[in-house]
Amino acid sequence: MRVITVDFDGTLYQGNSFKVMFDVAKKQYGAKQWAVVGLGTFKALGKLVTSGKDPAKHMFFRSFVKSFKGKSKKELEEFFHALAYGDLERVNRPLVDKVKQHLQNGDKVVILSGALNPFLTAFREAVGLEEADIIGSELFYDENDIAIGKMGDIVNGDKKAERVQEWLQNRNLTVDDVTLWAYADSQSDGPLLDMVDYPVVVNPDEDMEKLAQQKGWPLFGS
């Protein structure tokens, strides 16, 4: 059995999903929601000074999710549908075609990302990858499907490798029972790329390209 994991930001999607989310919000948000985002921005700047870039980004992401509080699941599905279908020119079409080949060959595909699950679900539909599973960051709702303004762990770095292992365990499998692939673009994906049998680097920046050369990881399309 072959399991193909595919990163989203910078890999399947050649852009930044959070920036797109922010751009759509600019057209839809009112003063109350922007007040929440503004407070989160202030806190994230403080985190940037004390803890660095990645913790600050994660704090801002969580603060932005707070602005969803009170929205129904249906309203947010429409919001993320607008995101997914509004920027399709940034889709990495050659990689999407490659992933579709994997599916046609009977491989199991998992889209693996720190992006929110409803965004990944909408994107999966937009590019015709409905057969793929999704492992993303969870958005929480109450018993009436109203967003409570909170999210689960951000699936990034070591979390990606952990979540793949959990996904396998839920199917009574281990990494030794399958042949694992990973398509990814970032140095933060290093733990996942190190874990799999066939790592493939997509759209690397200069530092990632150097790391790929050191590790012997092939570049997609080369």
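Helices, of at least four residues, and strands, of at least two, are DSSP runs numbered from the N terminus. By this count, the protein chain of this predicted model holds 9 helices and 7 strands. Buried residues make up 45% of its 222 residues. Among contacts with a separation of 6 or more, 60% join residues 24 or more positions apart.

Helix H7 covers residues 158–169. At 1.5 Å a residue, its 12 residues should span 16 Å. The C-alpha atoms at its ends lie 17 Å apart, which agrees with that expectation. Five positions are named as buried in H7: Lys-160, Ala-161, Val-164, Trp-167 and Leu-168. Viewed down the helix axis, these buried residues fall within an arc of 120°, so they line one face of H7. An α-helix has 3.6 residues a turn, so residues three or four places apart point the same way. Several elements cover the buried residues of H7. Among them are the strands E1 (2–7), E2 (108–116), E3 (133–137) and E6 (179–184). Helix H8 (190–195) also takes part in this cover.

The second largest pocket has a volume of about 180 Å³. Its lining draws at least two residues from each of helix H4 (73–85), helix H6 (117–126) and strand E4 (139–141). H6 gives the most, with 5 residues. The lining consists of Lys-73, Glu-77, Phe-80, His-81, Asn-117, Pro-118, Thr-121, Ala-122, Glu-125, Leu-139 and Tyr-141. By residue class, the lining of this pocket divides into 5 nonpolar, 3 polar and 3 charged.

Key
Residues numbered from 1 in each chain as written. Predicted model: local features only at pLDDT ≥ 70, side-chain atom pairs only at ≥ 80, totals over all residues. Heavy atoms only, no water. 1 Å grid on protein atoms, 1.4 Å probe; cavity = no way out; pocket = protein on both sides within 12 Å on 5 of 7 lines; lining within 4 Å. Points joined across faces, edges and corners; volume = space filled by probe spheres on them. Nonpolar A, V, L, I, M, F, W, Y, C, P; charged D, E, K, R; others polar. Expected span 1.5 Å × (residues − 1). Buried < 20%, exposed > 50% of the residue type's maximum accessible area, 1.4 Å probe, protein only. Arc of directions from axis to C-beta. Contact = heavy atoms within 4.5 Å.
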